[in-house]
Amino acid sequence: MHIQPFSKFVIVAALISQLTACAVVAVGGVAAGASVMADRRSPAVQAIDKGIELEAENALAKRYGDNAHINVTSFNQKVLLTGEAKDADIKGQADAYAKAMKNVHSVFNELIIGPNSTLTARANDSYLESKIKTQMVFTDKLPSNSMAIVAEGGSVYLMGILTQNEANMAKQVASNTNGVKDVYVYFDIISDAEKARLEKQGKAEEAQSNSPPKYQ
């Protein structure tokens with residue numbers, strides 16, 4: 001039976017949480033899974049990134065309506081703009097808005113000037129993102145939860161906090177995924193020593209958040 005692209009996306013979306021859980025076991029138990037899967041951003045920065053995304057997407061959608069389709073991805077306070085803008089003025093204004101936002105360190109403007117993408121194209125991109133994430137999850141020693149994966153029109157954009165070896169591996173995985181046209185990376189490259197420090201810090205924060213509350 002032929003499955004339409006959107007149906008494939010729904011199926012993969014439903015399975016991805018199960019695949020993620022299985023991957024923890026696949027890399028060698030809970031302890032190994034925690035170190036590989038952990039987000040290297042602090043909880044505070046994760047919250048800031050989510051706030052940037054929500055604020056910018058809502059503001060830009062309200063400002064431009066059907067004249068643009070702008071996706072905002074923030075990782076480690078670096079913002080990626082993807083999607084479509086009706087003209088160069090809108091693209092430039094969106095860029096200026098993002099750069100002026102509180103807590104934003106830099107902006108990568110990858111908006112395409114042209115008509116808004118169709119719902120089918122967006123579903124295909126979502127399906128492609130899911131395929132790449134699945135590959136990342138099952139790639140040993142690749143911190144998939146410390147990356148953002150964005151697909152637009154078959155082009156893939158990767159953000160994250162990785163060592164150079166991890167960055168090379170992530171780009172290769174994305175490039176080898178069927179359906180990917182181009183891969184663009186915006187990684188924060190860290191040393192192995194910094195990687196160890198962040199993972200140790202993440203474990204300490206996780207242990208603290210999981211500990212029962214103390215009562216006076």
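Start with aspartate 188, which touches Asn76, Lys78, Gly160, Ile161 and Leu162, leaving aside residues up to four places away in sequence (a contact means heavy atoms within 4.5 Å). Aspartate 188 is part of strand β7, and its 14% relative accessibility means it counts as buried. For burial, the cut-offs are under 20% relative accessible area for buried, over 50% for exposed and partly exposed in between, with a 1.4 Å probe and protein chains only.

Some housekeeping before going on. This is a predicted model, where local features need pLDDT of at least 70 and side-chain atom pairs count only at pLDDT 80 or more, while totals for chains, interfaces and linings use all residues. Residues are numbered from 1 along each chain as its sequence is written, and side-chain values use heavy atoms, with hydrogens and water left out.

Now zoom out. The chain has seven helices and seven strands, where helices (H or I, at least four residues) and strands (E, at least two) are DSSP runs numbered from the N terminus. Reading from the N terminus, the order is α-α-α-β-β-α-β-β-α-β-β-α-β-α. Of the 216 residues in the chain, 41% are buried. Take the contacts between residues at least 6 apart in sequence, and 68% of them join residues at least 24 apart.

How many aromatic pairs does a search of the whole structure find? It turns up two, counting rings of Phe, Tyr and Trp (its six-membered ring) whose centres lie within 6.5 Å, with planes under 30 degrees apart called stacked, over 60 edge-to-face and the rest tilted. Tyrosine 186 is buried, with a relative accessible area of 15%, whereas phenylalanine 108, at 22%, counts as partly exposed.

The other pair is tyrosine 157 and tyrosine 184: their ring centres are 5.3 Å apart and their planes are at 20°, so this pair is stacked. Here too distant parts of the chain are linked, with tyrosine 157 in strand β6 (residues 155–162) and tyrosine 184 in strand β7, 27 residues apart. Tyrosine 157 is buried at 5% relative accessibility, and tyrosine 184 is partly exposed at 34%.

There's another ring to look at. The charged end of arginine 41 sits over the ring of phenylalanine 75, 4.0 Å from its centre; that label asks for NZ of Lys or CZ of Arg within 6 Å of the ring centre and within 35 degrees of the ring normal.

On to helix α4, residues 88–100. Which residues of α4 are buried? They are Ile90, Ala94, Asp95, Tyr97 and Ala98. These cover an arc of only 160° around the axis, which puts them on the same side of α4; the arc is that of the directions from the helix axis to the C-beta atoms. Covering them are elements including α3 (43–64), β1 (68–75), β2 (78–85) and β3 (106–109). The face turned away from the buried side carries the exposed residues Asp89, Lys99 and Ala100.

Glu166, Ala167, Ala170, Val173 and Ala174 are buried in α6. Seen down the axis, they fall within an arc of 130°, so they line one face of the helix.

Finish with the backbone. Most residues other than glycine have a negative phi. Glutamine 77, not a glycine, has a positive phi of about 70°. Glutamine 77 is in the loop between β1 and β2, and counts as buried at 10% relative accessibility. Asparagine 103, also not a glycine, has a positive phi of about 80°. Asparagine 103 lies in the loop between α4 and β3 and is partly exposed, with a relative accessible area of 35%.
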